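Work through the exercises below with the sequence and the model at hand. Each task is followed by a solution in steps.

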Amino acid sequence: MVIGMENRIPVATAATVLNSLKGGVVPRVGLEYITVGRRNEISALLQDVAMIEAGGASFRFIVGKYGSGKTFLMQALRNHVLEKDFVVTDAELSVEKRFVGHRGQGLELYKELVHNMAIRSCPDSGALPLILDKWIGTVENEIVQGGILPQDESFEQEVSKRIFEITFAMEQQVNGFDFGRVLQLYYEARRNGDEEIQRSVFRWLYGDYRTKTEAKMELGVNLIVTDDNWFEFIRLFTDFAVKAGYKGLYLCVDELAHICEIPSKVGREYNYIKLLNMYNSALQGKIKHMGILMSITKEALEDETKGIYSIEPLRTRLEDKVAVREGIVPFRDMAAPVIRLAALNPGETYVLIEKLTKMHEIVYQYESKLDHDDYIYFLKQQYAKAQNAEEITVRDMIRNYITLLNLTQQNQNKTKEEIMNAQ
């Protein structure tokens with residue numbers, strides 16, 4: 001059992017975790033209470049976080065089968081960097097959200113990423129307004145520290161001057177002139193109480209303008225976010241986040257395998273080339289303070305017809321050049337861009353179901369009938385399914401075990417043996 005868990009985990013959090021896992025999805029909260037194994041993977045990704053905070057950039061792919069824990073690991077990292085005072089955003093690729101698409105799928109991905117921006121005080125999504133306000137607050141604090149107080153006549157003038165210096169510095173970057181101009185407009189509108197301009201600024205930043213003409217009329221800028229330039233805007237957001245006082249921007253993209261499923265070869269290649277450009281920008285030092293983490297299946301990565309390896313420059317950058325084995329356990333280079341998830345071993349899975357049992361007890365206020373011998377019996381059943389060529393993943397095991405917990409709690413008049421033998 002997890003000693004003292006009942007004193008630390010809120011009932012609502014425990015219920016959210018169990019309900020999410022039972023539904024086959026990864027919860028946003030409470031992951032720290034059920035994380036087991038993955039020590040090497042987490043250690044490598046935490047080293048990335050330290051490098052990003054120092055001004056570097058990272059780009060990693062998490063590779064594993066469906067249900068192996070890719071999304072879980074990604075969400076665990078997301079929660080960690082939130083606590084480290086990063087701006088974090090995430091999105092899941094789909095038919096309607098890709099890196100590039102002839103129906104604006106790249107722009108849809110950008111929109112989700114910006115809407116999903118999160119910070120420690122706003123951990124779910126919708127943090128962009130808070131980020132903008134913190135930026136202005138940071139500038140105002142700098143002016144105060146310089147000896148000019150808010151009640152001084154020169155205070156607003158000095159703040160405006162500093163805002164201009166920051167936005168002017170962004171002009172050196174691709175699309176930085178218009179981005180900086182819009183930030184300047186936001187500050188002026190906020191100072192003057194012009195809510196209409198503020199709404200227009202958010203509309204522009206969220207990528208909601210359809211034409212340049214419209215943006216020109218309302219904001220006086222000649223640029224809008226498109227399928228072609230959306231990643232340049234994410235880079236600008238990263239620079240802006242640091243100027244606002246955050247440690248950097250951490251971007252998570254799930255279900256990269258959807259690109260492999262695009263029917264058109266040309267469509268797939270456009271997406272992979274966009275991915276290559278993002279990868280190169282991160283690792284060539286063109287980006288600072290940004291981390292990118294993406295998940296993909298082994299098949300979608302290595303398929304040389306439809307997968308990432310179908311693009312030679314990506315294959316040569318990501319392919320494992322050395323496969324060294326001792327018995328059946330591979331040595332893994334945890335500094336490589338591709339992190340392949342190893343399966344949880346039986347000991348780690350045992351600890352996981354212990355944690356789930358205690359969490360279930362907290363939510364339903366009872367003492368579970370299941371004990372050590374039952375955990376072992378359950379695991380033997382699950383691993384036997386895998387040996388019989390039946391597909392079984394960590395996700396499946398968790399869902400099956402939560403079902404078992406539910407049944408034993410709901411049927412107190414039945415013995416646990418009756419319930420377990422019926423599974």
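**Exercise 1: A241**

A241 is located in helix 10 (residues 230–243); helices (H or I, at least four residues) and strands (E, at least two) are DSSP runs, numbered from the N terminus. The model is a predicted one, in which local features need pLDDT of at least 70 and side-chain atom pairs count only at pLDDT 80 or more, while totals for chains, interfaces and linings use all residues. Residues are numbered from 1 along each chain as its sequence is written, and side-chain values use heavy atoms, with hydrogens and water left out.

Task: state whether A241 is buried or exposed, and list which residues A241 touches.

Solution. 
1. The relative accessible area of A241 is 2%. Buried means under 20% relative accessible area, exposed over 50%, and partly exposed in between (1.4 Å probe, protein chains only). A241 is therefore buried.
2. Contact means heavy atoms within 4.5 Å. Not counting residues up to four places away in sequence, A241 touches V87, Y246 and G248.
3. W135 is 106 residues from A241 along the chain, and the C-alpha atoms of the two are separated by 7.9 Å.

**Exercise 2: two arginines**

Solution. 
4. The R60 side chain reaches the backbone oxygen of M334 at 2.7 Å.
5. R203 and Y401 are 198 residues apart along the chain, and their C-alpha atoms are separated by 46 Å.

**Exercise 3: a helix pair**

Task: describe how helix 1 and helix 15 pack.

Solution. 
1. Two packed helices are described by the angle between their axes and the distance between the axes. Axes are lines fitted to C-alpha atoms, for helices over the stretch in contact, and angles run from 0 to 180 degrees between N-to-C directions.
2. For helix 1 (residues 11–22) and helix 15 (residues 346–364) the angle is about 125° and the axes are 9 Å apart.
3. That makes helix 1 oblique to helix 15; angles under 35 degrees count as roughly parallel, over 145 as roughly antiparallel, 65 to 115 as roughly perpendicular and the rest as oblique.
4. Helix 1 contributes V11, A14, A15, V17, L18 and L21 to the contact, and helix 15 contributes L356, M359, H360, I362 and V363.
5. By class, the contact has ten nonpolar, one polar and no charged residues. Here Ala, Val, Leu, Ile, Met, Phe, Trp, Tyr, Cys and Pro count as nonpolar, Asp, Glu, Lys and Arg as charged, and the others, Gly among them, as polar.

**Exercise 4: phi angles**

Solution. 
1. Most residues other than glycine have a negative phi.
2. N175 has a positive phi of about 65° and sits in the loop between helix 6 (155–169) and helix 7 (176–192).
3. H289 also has a positive phi, near 60°, in the loop between helix 12 (265–283) and strand 4 (290–296).
4. H289 is buried, with a relative accessible area of 17%.

Key: A polar contact is a pair of N or O atoms within 3.5 Å; within protein, one must be able to donate a hydrogen and the other to accept it, and residues adjacent in sequence count only if both atoms are side-chain atoms.
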